[in-house]
Amino acid sequence: MQQVDFTTLMAACCELRSHWLPARIEQVVQQDRYTIYIALRTLNQRGWLSLSWHPQAARICMGTPPPKGTDTFTFSQQLRHQLNGLALLAIEPIAAWERVIDLQIGQRPQAAIDWHVYVEIMGKYSNVILATVEDRIVTAAHQVSQQQSSVRPIQTGDSYQPPPHLTDPIPTLDESFEHWQRQVALVPGPLKRNLLKTYRGLSSALVLSMLSEVDLKPDQSTERLPESDWLRLHQIWQDWLSALNHQAFSPGFCQSDYRTYSVLGWGITHPVPETQTLLDEYYTQQLGEQVFKQLQHQLQQKVKGHLKKLNTKAKTFQNQLSASDTAEIYRDQADLLMAHLHEWQIGTKTLILQDFESGEPRTLTLNPEKNAVQNAQSWYKRHQKLKRSRAQVQPLLQAVQDEISYLEQVETSIQQLEEYKDAADLLTLHDIRDELILQNYFPKLEYRKEAPTEIPFYQYQSPSGWELLIGRNNRQNDLLTFRTATTYDLWFHTQEIPGSHVLLRLEAGAVPDSKDMQFAANMAAYYSRARQSHQVPVIYTQSKHVYKPKGAKPGMVIYKHEQVIWGQPQAVITQVHAPGSI
């Protein structure tokens, strides 16, 4: 993940000063452990300022509003108590070429400064600190004790000390080409490393972007660099310093996958109007993808573990049922022995008798320590025990199989989310996690729960123009089938295969074309566990014929009057490229 460097920070602060000063602070909300949102209102607009001290995504920018939910963080409560209703008067770096921004706050525009909010954008050492006008720390996002750092502890009541000053030379436009070249090439080595180690204000992403602009390789040695290449590199160096001096920035994304960005216009393929928009979109996407992968892996492992235990339990029950199938054999042996008691003798271990039904000779293995009647009684007891066992095990096995079916359905919903595309994908995983918590498969969350957000169904259009809705998870499947569906809609689902509920929405009296039916069947097969198959049996029926048994888990239904159609999931790849949403 690309981190905010000095150049990007200056571009963001330049825009904030131009459009958001002065501004009234109306609200302070903390979304998670690393992000504070401050609601700002100017004479012309209202927006949310994001302050993040995330170790990989520290930033300051105007962004989207925070999600609704209960804020129980102490840091945000202290900021609210001190800053609500005051005015943001200035946004300035604490010193030249430092990545620490001072948000200066007072009672009203043109009034004296009463508070400082120091935003330190320094990778894993990032922080947000509230201090008085005398620089006495009131609260900090991340407090650092004396044991953690003897160089710079950060605790309530301490005097605020800026981070240790950098010792590298400051780059300037006035520096001559010869002096600059001599500085960079003083110790022979790769271009990228030498540039980073020689001057302050540079980042790995910025240096790589510079070198890419002049077609130079990062590992190229300074010893073998021609003079013409030095001149071209110096020119791009001057362009960078000129952009900083004149505050002339051109933000945008450099790749189609939006994984790198620039605020200097170098290598941009997707321009963005403002640095604020660039940072908000980039880090929302990157952090969303990061959380998505972590949560997806966590849920998959949890469901996989439960399924493994349940399959072991089911196998044990099935073995017990298989053993109970021999119950009649023990009764037949006992009956045969009781009918031939006269043939038993003391110490007999085996007895060959003629079977009642087949007439064939049958060998009975006896316990020589028991008489014939006692051997027969033990077999009768064994017969009764196995019969009772079958009656007890069958419902237990059925319950385990139902639980396995449910978890396989959950597992399928998780697997369908192959990669992070938008916020709805992450919300779908959160929904699945909340469902597993309610079903006692997942530990309860220790932090606050956000207000539920409505997640859109997958939405498609059939060849004839009918709307096709598909549930993303079990909660959505229930919502789709029992809340959204009308009497005229057709309901599709893969036959005895975990998958999503699919609804083909029709008007009264409408009869769907065979192409629409096949399309719906293909989609039902695609959004199922049989996605990789060539043909999948799909059942369909009117939505009014789908029922939820009493006490059934989310997404589990029964149906009647169904018909079968063969779905072709592979055809979906060519029919539809990406789902819409409603």
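Start by selecting residues 423-438, which make up helix 10. At 1.5 Å a residue its 16 residues should span 22 Å, and its end C-alpha atoms are 23 Å apart, so the two figures agree. (The expected span is 1.5 Å times one less than the number of residues.) Helices here are DSSP runs of H or I with at least four residues, strands are runs of E with at least two, and both are numbered from the N terminus.

Before moving on, a quick word on what you're looking at. This is a predicted model, where local features need pLDDT of at least 70, side-chain atom pairs count only at pLDDT 80 or more, and totals for chains, interfaces and linings use all residues. Residues are numbered from 1 along each chain as its sequence is written, and side-chain values use heavy atoms, with hydrogens and water left out.

Stay on helix 10. How many of its 16 residues are buried? The count is 12, so the helix is mostly covered, where buried means under 20% relative accessible area, exposed means over 50%, and partly exposed is in between (1.4 Å probe, protein chains only). Among the buried ones are A424, L426, L429, I432 and L436. Now show the neighbours: these buried residues pack against helix 7 (275-324), helix 9, strand 15 (458-461) and helix 11 (474-484), with contact meaning heavy atoms within 4.5 Å.

Next, pick helix 9, residues 372-416, and click on R382. R382 is partly exposed, with a relative accessible area of 35%.

Colour A327, Q333, A334, L336 and L337, which are buried in helix 8. Their cover includes helix 7, strand 13 (350-354), strand 14 (361-365) and helix 9.

Time for some strands. Select strand 8, residues 127-132: six of its six residues are buried. Which residues point which way? N127, I129 and A131 go one way, and V128, L130 and T132 go the other. In a regular strand the side chains alternate between the two faces of the sheet.

Look for E120 opposite N127. In the hairpin of these two strands, with six residues between them, G123 takes a positive phi near 60 degrees.

On the other hand, strand 8 also joins strand 9 (residues 137-140), antiparallel, through three bridges. There, A131 has I137 as its bridge partner. This hairpin has four residues between the strands, and D135 takes a positive phi near 65 degrees.

Now jump to an open sheet of three strands, in the order 11-10-12, with antiparallel pairing. Strand 11 (261-262) and strand 12 (270-271) are the edge strands, each pairing on one side only. Strand 10 (residues 252-253) meets strand 12 over two bridges, and G252 has P271 as its partner.

Technical notes. Two strands pair if DSSP finds at least two bridges between them.
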